[in-house]
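Dear colleague,

I am handing over the structure below, and after it I set out what was found. Please read the notes with the structure open beside them.

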Amino acid sequence: MKTRFARRTISTAIGTVTAAALAGMAVQAQAAQEITLGHTLSATSHYAVGAQAFKERLEELSDGAFTVNEHTSGSLGGEREMIEGLQIGTVDLVITSTGPLGNFVPETYVLDLPFLFEDYDQARCVLDGELGDELLGKIGEHDLVGLAWTENGFRHLTNSRREVLSPADAEGLRVRTMENEVHQEAFRQLGARPTPMAFPELFTALQQGTVDGQENPITVIVATNFWEVQDHLSLTGHVYSPAIMLGSPIMFDGLSEEEQEWFREAARASAEATRAEVSRLEEEGVALLEENGMTVQTDIDIAPFQEAVQPAYEIFTSQHGSEMLERIQAEAGNC
Ligand code: EAX
(Lines give C-alpha, C1' and ligand atoms only; values in the text may rest on other atoms or scores of the structure.)
Protein backbone atom coordinates (compact mmCIF):
# COMPACT_ATOMS: atom_id res chain seq x y z
CA MET A 1 0.00 0.00 0.00
CA LYS A 2 1.48 3.37 -1.04
CA THR A 3 2.27 5.66 1.90
CA ARG A 4 1.20 9.30 1.85
CA PHE A 5 4.88 10.19 1.57
CA ALA A 6 5.31 8.12 -1.60
CA ARG A 7 2.23 9.73 -3.17
CA ARG A 8 3.56 13.20 -2.34
CA THR A 9 6.96 12.35 -3.88
CA ILE A 10 5.37 11.15 -7.08
CA SER A 11 3.11 14.20 -7.41
CA THR A 12 6.03 16.52 -6.66
CA ALA A 13 8.05 14.80 -9.37
CA ILE A 14 5.14 15.15 -11.82
CA GLY A 15 4.80 18.82 -10.86
CA THR A 16 8.48 19.47 -11.44
CA VAL A 17 8.46 17.79 -14.85
CA THR A 18 5.35 19.71 -15.93
CA ALA A 19 6.81 23.02 -14.78
CA ALA A 20 10.01 22.32 -16.70
CA ALA A 21 8.07 21.41 -19.83
CA LEU A 22 5.95 24.55 -19.57
CA ALA A 23 9.03 26.69 -19.03
CA GLY A 24 10.62 25.12 -22.09
CA MET A 25 7.58 25.84 -24.22
CA ALA A 26 7.39 29.41 -22.90
CA VAL A 27 11.00 29.98 -23.97
CA GLN A 28 10.24 28.48 -27.38
CA ALA A 29 7.10 30.67 -27.84
CA GLN A 30 8.91 33.78 -26.61
CA ALA A 31 11.84 33.32 -29.01
CA ALA A 32 9.71 33.10 -32.16
CA GLN A 33 9.61 36.85 -32.95
CA GLU A 34 7.29 37.59 -35.85
CA ILE A 35 8.66 39.90 -38.55
CA THR A 36 6.33 41.58 -41.04
CA LEU A 37 7.65 42.07 -44.60
CA GLY A 38 5.62 44.03 -47.13
CA HIS A 39 5.81 44.76 -50.85
CA THR A 40 3.50 45.88 -53.64
CA LEU A 41 3.79 42.95 -56.01
CA SER A 42 2.06 39.59 -56.37
CA ALA A 43 2.93 36.36 -54.56
CA THR A 44 4.56 35.08 -57.79
CA SER A 45 6.68 38.18 -58.43
CA HIS A 46 10.46 38.64 -58.29
CA TYR A 47 9.94 40.48 -54.97
CA ALA A 48 8.09 37.43 -53.58
CA VAL A 49 10.99 35.21 -54.67
CA GLY A 50 13.27 37.51 -52.68
CA ALA A 51 10.94 37.57 -49.68
CA GLN A 52 10.85 33.77 -49.61
CA ALA A 53 14.66 33.56 -49.77
CA PHE A 54 14.88 36.09 -46.92
CA LYS A 55 12.41 34.11 -44.82
CA GLU A 56 14.20 30.79 -45.34
CA ARG A 57 17.67 32.24 -44.63
CA LEU A 58 16.65 34.18 -41.52
CA GLU A 59 14.66 31.28 -40.06
CA GLU A 60 17.65 29.02 -40.73
CA LEU A 61 20.26 31.40 -39.26
CA SER A 62 18.13 32.09 -36.19
CA ASP A 63 17.07 28.47 -35.75
CA GLY A 64 13.44 29.53 -35.73
CA ALA A 65 13.85 32.42 -33.29
CA PHE A 66 12.38 34.70 -36.01
CA THR A 67 9.47 33.97 -38.34
CA VAL A 68 8.70 36.12 -41.36
CA ASN A 69 5.18 37.07 -42.40
CA GLU A 70 5.06 38.27 -46.03
CA HIS A 71 2.37 40.80 -47.05
CA THR A 72 2.07 41.00 -50.84
CA SER A 73 0.18 43.04 -53.47
CA GLY A 74 0.19 46.32 -51.58
CA SER A 75 -1.88 44.85 -48.73
CA LEU A 76 0.12 47.15 -46.41
CA GLY A 77 -0.28 50.11 -48.80
CA GLY A 78 1.85 51.65 -51.55
CA GLU A 79 5.65 51.92 -51.32
CA ARG A 80 5.68 55.46 -49.90
CA GLU A 81 3.10 54.50 -47.28
CA MET A 82 5.07 51.38 -46.29
CA ILE A 83 8.29 53.39 -45.93
CA GLU A 84 6.42 55.74 -43.57
CA GLY A 85 5.27 52.60 -41.73
CA LEU A 86 8.91 51.60 -41.20
CA GLN A 87 9.65 54.95 -39.61
CA ILE A 88 6.76 54.63 -37.12
CA GLY A 89 7.18 50.89 -36.58
CA THR A 90 3.93 49.59 -38.09
CA VAL A 91 5.91 47.35 -40.47
CA ASP A 92 9.32 45.75 -39.92
CA LEU A 93 10.69 45.22 -43.44
CA VAL A 94 9.81 46.44 -46.91
CA ILE A 95 11.04 45.48 -50.37
CA THR A 96 10.55 48.60 -52.46
CA SER A 97 11.79 50.29 -55.62
CA THR A 98 13.71 53.53 -55.18
CA GLY A 99 10.63 55.29 -56.66
CA PRO A 100 9.38 57.02 -53.49
CA LEU A 101 12.63 56.58 -51.55
CA GLY A 102 14.06 59.91 -52.72
CA ASN A 103 11.27 61.68 -50.84
CA PHE A 104 12.82 60.31 -47.63
CA VAL A 105 16.49 60.05 -48.66
CA PRO A 106 17.23 62.68 -51.36
CA GLU A 107 20.75 61.28 -51.79
CA THR A 108 19.20 58.29 -53.63
CA TYR A 109 17.49 60.38 -56.34
CA VAL A 110 20.69 60.11 -58.41
CA LEU A 111 19.87 56.43 -59.03
CA ASP A 112 16.61 57.42 -60.74
CA LEU A 113 18.24 59.41 -63.54
CA PRO A 114 17.33 58.02 -66.97
CA PHE A 115 19.94 56.02 -68.91
CA LEU A 116 22.40 56.22 -65.97
CA PHE A 117 23.42 52.56 -66.43
CA GLU A 118 23.96 50.72 -69.73
CA ASP A 119 23.16 47.21 -68.54
CA TYR A 120 22.52 44.96 -65.53
CA ASP A 121 26.20 44.10 -64.99
CA GLN A 122 27.12 47.76 -64.71
CA ALA A 123 24.25 48.63 -62.37
CA ARG A 124 24.81 45.62 -60.10
CA CYS A 125 28.55 46.28 -60.02
CA VAL A 126 28.09 49.89 -58.85
CA LEU A 127 25.40 49.03 -56.26
CA ASP A 128 27.45 46.12 -54.88
CA GLY A 129 30.48 48.38 -54.61
CA GLU A 130 31.66 51.20 -52.37
CA LEU A 131 29.08 53.70 -53.68
CA GLY A 132 26.25 51.26 -53.08
CA ASP A 133 27.41 50.83 -49.48
CA GLU A 134 27.78 54.57 -49.06
CA LEU A 135 24.19 55.13 -50.17
CA LEU A 136 22.98 52.37 -47.82
CA GLY A 137 24.77 54.29 -45.05
CA LYS A 138 23.03 57.53 -46.06
CA ILE A 139 19.68 55.77 -45.73
CA GLY A 140 20.59 55.04 -42.11
CA GLU A 141 20.66 58.81 -41.46
CA HIS A 142 16.93 59.13 -42.34
CA ASP A 143 15.15 56.94 -39.78
CA LEU A 144 15.42 53.88 -41.98
CA VAL A 145 17.76 50.88 -42.18
CA GLY A 146 19.21 50.05 -45.61
CA LEU A 147 19.74 46.28 -45.51
CA ALA A 148 20.61 45.39 -49.12
CA TRP A 149 20.23 46.58 -52.70
CA THR A 150 17.98 44.25 -54.63
CA GLU A 151 16.40 44.71 -58.04
CA ASN A 152 13.33 45.68 -60.01
CA GLY A 153 14.83 45.91 -63.50
CA PHE A 154 15.17 48.19 -66.53
CA ARG A 155 11.92 50.08 -67.04
CA HIS A 156 10.01 50.16 -70.33
CA LEU A 157 7.02 52.14 -71.53
CA THR A 158 3.60 50.55 -72.11
CA ASN A 159 0.43 52.24 -73.33
CA SER A 160 -2.92 51.62 -74.99
CA ARG A 161 -2.99 54.45 -77.50
CA ARG A 162 -0.26 53.80 -80.08
CA GLU A 163 3.15 52.29 -80.86
CA VAL A 164 5.96 54.38 -79.36
CA LEU A 165 9.19 54.26 -81.36
CA SER A 166 10.43 57.82 -80.77
CA PRO A 167 9.95 60.68 -78.27
CA ALA A 168 7.47 62.26 -80.74
CA ASP A 169 5.22 59.20 -80.34
CA ALA A 170 5.15 59.79 -76.56
CA GLU A 171 3.99 63.38 -77.01
CA GLY A 172 0.88 64.07 -74.90
CA LEU A 173 0.58 60.55 -73.50
CA ARG A 174 -0.72 60.52 -69.92
CA VAL A 175 1.89 58.30 -68.31
CA ARG A 176 1.71 57.11 -64.73
CA THR A 177 5.03 57.51 -62.97
CA MET A 178 6.18 56.59 -59.52
CA GLU A 179 6.06 59.33 -56.87
CA ASN A 180 9.50 60.51 -57.94
CA GLU A 181 10.42 64.02 -59.14
CA VAL A 182 13.32 62.81 -61.31
CA HIS A 183 11.09 60.37 -63.20
CA GLN A 184 8.37 62.97 -63.61
CA GLU A 185 10.90 65.42 -65.03
CA ALA A 186 12.22 62.84 -67.50
CA PHE A 187 8.72 62.18 -68.89
CA ARG A 188 7.97 65.88 -69.01
CA GLN A 189 11.13 66.29 -71.12
CA LEU A 190 9.85 63.54 -73.45
CA GLY A 191 6.69 65.58 -74.00
CA ALA A 192 4.47 63.13 -72.11
CA ARG A 193 2.13 64.12 -69.26
CA PRO A 194 3.49 62.40 -66.12
CA THR A 195 0.92 61.40 -63.46
CA PRO A 196 2.52 60.31 -60.19
CA MET A 197 0.51 57.51 -58.51
CA ALA A 198 1.00 54.78 -55.93
CA PHE A 199 1.36 51.34 -57.52
CA PRO A 200 -1.73 49.73 -55.93
CA GLU A 201 -3.92 52.29 -57.78
CA LEU A 202 -2.31 51.74 -61.20
CA PHE A 203 -4.15 48.71 -62.62
CA THR A 204 -7.57 50.31 -62.08
CA ALA A 205 -6.36 53.66 -63.46
CA LEU A 206 -5.25 51.91 -66.67
CA GLN A 207 -8.47 49.91 -66.84
CA GLN A 208 -10.59 53.06 -66.49
CA GLY A 209 -8.41 55.09 -68.86
CA THR A 210 -7.45 57.66 -66.20
CA VAL A 211 -3.96 57.30 -67.66
CA ASP A 212 -2.90 55.99 -71.10
CA GLY A 213 0.27 54.27 -70.07
CA GLN A 214 2.82 53.43 -67.46
CA GLU A 215 6.43 52.33 -67.25
CA ASN A 216 7.83 49.33 -65.44
CA PRO A 217 10.30 46.48 -65.92
CA ILE A 218 9.30 43.24 -67.66
CA THR A 219 9.26 41.67 -64.20
CA VAL A 220 6.44 43.91 -62.99
CA ILE A 221 4.50 43.89 -66.30
CA VAL A 222 4.45 40.07 -66.11
CA ALA A 223 3.70 39.87 -62.36
CA THR A 224 0.76 42.29 -62.69
CA ASN A 225 -0.78 40.92 -65.95
CA PHE A 226 -0.58 44.38 -67.49
CA TRP A 227 -1.41 42.84 -70.87
CA GLU A 228 -5.04 42.86 -69.64
CA VAL A 229 -5.03 46.70 -69.64
CA GLN A 230 -2.17 47.68 -72.00
CA ASP A 231 -1.68 46.94 -75.73
CA HIS A 232 1.77 48.26 -76.60
CA LEU A 233 5.18 47.71 -74.99
CA SER A 234 8.21 49.69 -76.16
CA LEU A 235 11.52 48.33 -74.87
CA THR A 236 12.90 51.80 -74.05
CA GLY A 237 14.98 50.62 -71.08
CA HIS A 238 14.91 54.30 -70.10
CA VAL A 239 15.99 53.77 -66.50
CA TYR A 240 17.46 51.02 -64.33
CA SER A 241 15.14 50.56 -61.34
CA PRO A 242 16.98 49.36 -58.27
CA ALA A 243 14.99 47.93 -55.39
CA ILE A 244 16.03 47.82 -51.78
CA MET A 245 15.21 45.91 -48.63
CA LEU A 246 14.58 48.45 -45.88
CA GLY A 247 14.16 47.83 -42.19
CA SER A 248 12.41 49.71 -39.42
CA PRO A 249 14.96 51.19 -36.96
CA ILE A 250 12.39 50.53 -34.21
CA MET A 251 12.60 46.78 -34.87
CA PHE A 252 16.27 46.70 -35.93
CA ASP A 253 17.73 48.66 -32.99
CA GLY A 254 16.07 46.16 -30.65
CA LEU A 255 18.15 43.31 -32.12
CA SER A 256 21.53 42.11 -30.87
CA GLU A 257 24.55 42.65 -33.13
CA GLU A 258 24.52 38.96 -34.08
CA GLU A 259 20.81 39.14 -34.96
CA GLN A 260 21.36 42.31 -37.01
CA GLU A 261 24.03 40.42 -39.00
CA TRP A 262 21.51 37.58 -39.62
CA PHE A 263 19.09 40.12 -41.09
CA ARG A 264 21.80 41.60 -43.34
CA GLU A 265 22.90 38.18 -44.54
CA ALA A 266 19.31 37.10 -45.22
CA ALA A 267 18.73 40.38 -47.10
CA ARG A 268 21.76 39.66 -49.30
CA ALA A 269 20.42 36.15 -50.00
CA SER A 270 17.09 37.76 -50.89
CA ALA A 271 18.74 40.16 -53.35
CA GLU A 272 20.60 37.31 -55.03
CA ALA A 273 17.38 35.30 -55.49
CA THR A 274 15.52 38.32 -56.87
CA ARG A 275 18.29 39.18 -59.33
CA ALA A 276 18.28 35.60 -60.63
CA GLU A 277 14.51 35.86 -61.16
CA VAL A 278 14.93 39.21 -62.94
CA SER A 279 17.50 37.65 -65.28
CA ARG A 280 15.15 34.73 -65.98
CA LEU A 281 12.23 37.05 -66.80
CA GLU A 282 14.48 39.22 -68.99
CA GLU A 283 15.00 36.07 -71.04
CA GLU A 284 11.47 34.71 -71.04
CA GLY A 285 9.17 37.69 -70.31
CA VAL A 286 8.79 39.30 -73.73
CA ALA A 287 7.62 36.05 -75.37
CA LEU A 288 5.10 35.60 -72.56
CA LEU A 289 3.74 39.12 -73.06
CA GLU A 290 3.42 38.60 -76.83
CA GLU A 291 1.63 35.29 -76.19
CA ASN A 292 -0.81 37.28 -74.08
CA GLY A 293 -1.53 39.68 -76.90
CA MET A 294 0.80 42.65 -76.33
CA THR A 295 2.61 44.14 -79.36
CA VAL A 296 6.24 44.63 -78.42
CA GLN A 297 8.55 47.13 -80.11
CA THR A 298 11.94 45.58 -79.49
CA ASP A 299 14.19 47.55 -81.82
CA ILE A 300 14.02 51.07 -80.34
CA ASP A 301 16.68 53.67 -81.20
CA ILE A 302 17.28 55.08 -77.70
CA ALA A 303 19.57 57.96 -78.77
CA PRO A 304 16.64 60.38 -79.41
CA PHE A 305 15.21 59.44 -75.98
CA GLN A 306 18.58 60.02 -74.29
CA GLU A 307 18.87 63.38 -75.98
CA ALA A 308 15.32 64.38 -75.09
CA VAL A 309 15.79 63.68 -71.37
CA GLN A 310 19.20 65.34 -71.06
CA PRO A 311 17.70 68.51 -69.47
CA ALA A 312 16.59 66.29 -66.57
CA TYR A 313 20.30 65.93 -65.71
CA GLU A 314 20.80 69.69 -65.60
CA ILE A 315 17.75 70.15 -63.42
CA PHE A 316 18.97 67.34 -61.15
CA THR A 317 22.51 68.71 -60.71
CA SER A 318 21.18 72.23 -60.11
CA GLN A 319 19.13 70.84 -57.20
CA HIS A 320 21.36 68.04 -55.85
CA GLY A 321 24.86 68.85 -57.10
CA SER A 322 26.93 66.70 -59.47
CA GLU A 323 29.45 65.04 -57.11
CA MET A 324 27.70 61.70 -56.53
CA LEU A 325 26.53 61.55 -60.15
CA GLU A 326 30.10 61.97 -61.43
CA ARG A 327 31.37 59.33 -59.02
CA ILE A 328 28.70 56.86 -60.16
CA GLN A 329 29.43 57.57 -63.83
CA ALA A 330 33.16 57.05 -63.21
CA GLU A 331 32.55 53.86 -61.26
CA ALA A 332 30.14 52.58 -63.92
CA GLY A 333 32.83 53.22 -66.52
CA ASN A 334 35.21 50.96 -64.58
CA CYS A 335 32.70 48.15 -64.12
O1 EAX B 1 8.50 48.27 -57.00
O2 EAX B 1 5.61 51.58 -58.43
C3 EAX B 1 6.23 50.97 -59.32
O4 EAX B 1 6.04 51.15 -60.52
C5 EAX B 1 7.24 49.94 -58.90
O6 EAX B 1 7.98 49.48 -59.98
C7 EAX B 1 6.53 48.79 -58.22
O8 EAX B 1 5.84 49.26 -57.12
C9 EAX B 1 7.53 47.75 -57.79
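The buried residues of helix α3 are covered by elements that include β1 (33-38), α2 (46-61), β3 (93-97), β8 (232-247) and α10 (249-252). Before going further, please keep in mind that this is a predicted model.

The residues of α3 (residues 79-88) that are buried are Glu79, Met82, Ile83, Gly85 and Leu86. These residues lie on the same side of α3, because the arc they cover around the axis is only 150°. After α3 comes Gly89, and the phi of Gly89 is positive, near 85°.

Strand β8, one of the elements that cover the buried residues of α3, also holds Thr236. Is Thr236 buried or exposed? Thr236 counts as buried, because its relative accessibility is 5%, and the cut-off for buried is under 20%. Apart from neighbours within four places in sequence, Thr236 is in contact with Phe115, Arg155, His156, Leu157, Ile302 and Phe305. In the case of His156, 80 residues separate it from Thr236 in sequence, yet the two C-alpha atoms are 5.0 Å apart in space.

Another residue to look at is Arg275, which lies in helix α11 (residues 257-291). With a relative accessibility of 12%, Arg275 counts as buried, and, if residues up to four places away in sequence are not counted, Arg275 touches Arg124, Leu127, Asp128, Trp149 and Glu151. For residues 264-291, the unreviewed UniProt entry carries the annotation "coiled-coil region"; in the model this span is 100% helix and 0% strand, with its end C-alpha atoms 39 Å apart.

As for the protein as a whole, it has 13 helices and nine strands, and its C-alpha atoms fill a box of roughly 100 × 45 × 30 Å along the principal axes. Of its 335 residues, 52% are buried, and among contacts with a separation of 6 or more, 75% are between residues 24 or more positions apart. The protein exposes about 14,900 Å², of which carbon and sulfur atoms supply 50%. Its side chains include 21 positive and 53 negative ones, and the centres of these two sets lie 13 Å apart.

Conventions:
Residues numbered from 1 in each chain as written. Predicted model: local features only at pLDDT ≥ 70, side-chain atom pairs only at ≥ 80, totals over all residues. Heavy atoms only, no water. Helix = DSSP H or I, 4+ residues; strand = E, 2+ residues; numbered from the N terminus. Buried < 20%, exposed > 50% of the residue type's maximum accessible area, 1.4 Å probe, protein only. Contact = heavy atoms within 4.5 Å. UniProt positions renumbered as here; feature names shortened; annotations may be inferred. Areas by Shrake-Rupley, 256 points an atom, 1.4 Å probe, with all protein chains shown as cover. Lys, Arg positive; Asp, Glu negative; His and termini not counted. Charge placed at Lys NZ, Arg CZ, Asp CG, Glu CD. Arc of directions from axis to C-beta.
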